[in-house]
Amino acid sequence: MLTIDFEELNKAVLECRTSYSEGKVSKVIGLTIEVEGIKAFVGELCTIYNDRNNPIICEVVGFRENNVILMPLGELNGIAPGCRVVPEGRPLSVRCSDALLGKVLDGLGNPIDNSVIKGGTYYSLDRDPPDPMKRRRIKTILPTGVRAIDGFLTCGEGQRVGIFAGSGVGKSTTLGMIAKYAEAEVNVICLIGERGREVLDFIEKDLGEEGLKRSVVVCATSDKSALVRMKGAFTATAIAEYFRDKGKKVILMMDSVTRFAMAQREVGLAIGEPPATKGYTPSVFAKLPRLLERSGMSDKGSITAFYTVLVDGDDFNEPIADAVRGILDGHIVLSRALAHKNHYPAIDILNSVSRLMPEIADEQHQQITSTLRDLLATYRDSEDLINIGAYVKGANPKIDKAVQYNETINKFLRQGIREHSSFEESLNRLKAMIKM
């Protein structure tokens, strides 16, 4: 028996365009396309038709005199003077549904395996952050399964944390451990500007089959256009918002915010923005809070976010790191010196902080971590003297205690990739440590 889906039919009728206009390509300069004869808003999609019968989807990124400036969501190949350009009358959006779980998507939200996502809801990529007055306060601890984080840098459900490190120090591995072991209902993992070979490596080695089942992976590799790499971050955030709006406990992991900023810099320079600090355009520092503020608590669900920041030359005060650190609710610093000592995850406890730990951790937990931090700091200050044998045992009781505890603390902080530690287990080990 033939059935008619009147809801879908009504939706299609409402989306029908009642007016039609088209322009033509007048100029291509670098990554941008100038079009004359159309009126379109910033962020609107346009389609360029060429002789190859291969339509090219573009987005409006600016204006120059009476011409519209487009950037392609793909390659420029095939675009010639006079090609027809048709504005679509809508911004870029992504189809969201529960069928996305276990899928790997490109930067625009299309499944890489060419499967079709049926049903669901379209979410615009550029959405407003939740109303500040409707955000619930963060009161619940979110266990990550990583002892160093749960013990010393306790995170709350809905918190936004940055993971700062240079290249090759273990950012992706740390994210993989959080994705596998954190107590969340849905993971949304965004890989921006990654090497092509690392995508499958991350999925199979770091995430694993069990982790993928409750995850959505969005990847825009380094060979993709700057616009696609930038949109990948907004696509992942929109998908996380969809699950949050369903009341889910979501974890959003983005690797990395720095490559998102680099993509936005490419777009800004291409349309004529002036370069500012280290070549980053003003739009970069406007887009960062617009992106990062969308995660967190809402009146329905929560998005706990972990954003990696690739620091240039291990300079933790470079412009992007500095801007991101000021927006987020805490930062985890990975140390190259610790990685060289085969200390993984290479989390530098003394340079890391969770701004919400004082509010969500109990008083005993805070007292223990405060005492152990003090011992770590004492040992670090005296490490050179201890290593060369210049320190005499008994000269300073505080240093004696730091030497006694140092190896025990480091043993707690080290954790294998496949080693899971529950929050209760981590807390009990901390309590046992202080009773030594």
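This short talk looks at one pair of helices and one arginine in a predicted model.

Hi everyone! Let's start with the helices. Please find α6, which covers residues 257-270, and α7, which covers residues 282-292. Their axes come within 9 Å of each other and cross at roughly 135 degrees. How do we describe an arrangement like that? Angles over 145 degrees would count as roughly antiparallel and 65 to 115 as roughly perpendicular, so α6 and α7 are oblique to each other. The crossing of α6 past α7 is right-handed.

Now, which residues meet there? On the α6 side we have V257, F260, A261, Q264, R265 and G268. Across from them, α7 brings S283, V284, K287, L288, L291 and L292. If you sort the residues of this contact by type, you get seven nonpolar, three polar and two charged.

Where does R355 sit? You'll find it in the loop between β17, residues 353-354, and α10, residues 357-360. Is R355 buried, exposed or something in between? Its relative accessibility is 42%, so R355 counts as partly exposed.

What does R355 touch, once we leave aside its neighbours within four places in sequence? The contacts are Q159, R325, G326, L328, D329 and G330. Two of these deserve a second look. The side chain of R355 reaches the backbone oxygen of L328 at 2.9 Å, and a polar atom of that side chain lies 3.2 Å from the backbone oxygen of R325.

Methods: Residues numbered from 1 in each chain as written. Predicted model: local features only at pLDDT ≥ 70, side-chain atom pairs only at ≥ 80, totals over all residues. Heavy atoms only, no water. Axes fitted to C-alpha atoms, helices over the stretch in contact; angles between N-to-C directions. Helix = DSSP H or I, 4+ residues; strand = E, 2+ residues; numbered from the N terminus. Parallel < 35°, antiparallel > 145°, perpendicular 65-115°, else oblique. Left-handed = near helix turned anticlockwise from the far one by under 90°. Contact = heavy atoms within 4.5 Å. Nonpolar A, V, L, I, M, F, W, Y, C, P; charged D, E, K, R; others polar. Buried < 20%, exposed > 50% of the residue type's maximum accessible area, 1.4 Å probe, protein only. Polar contact = N/O pair within 3.5 Å; in protein donor to acceptor, adjacent residues only side chain to side chain.
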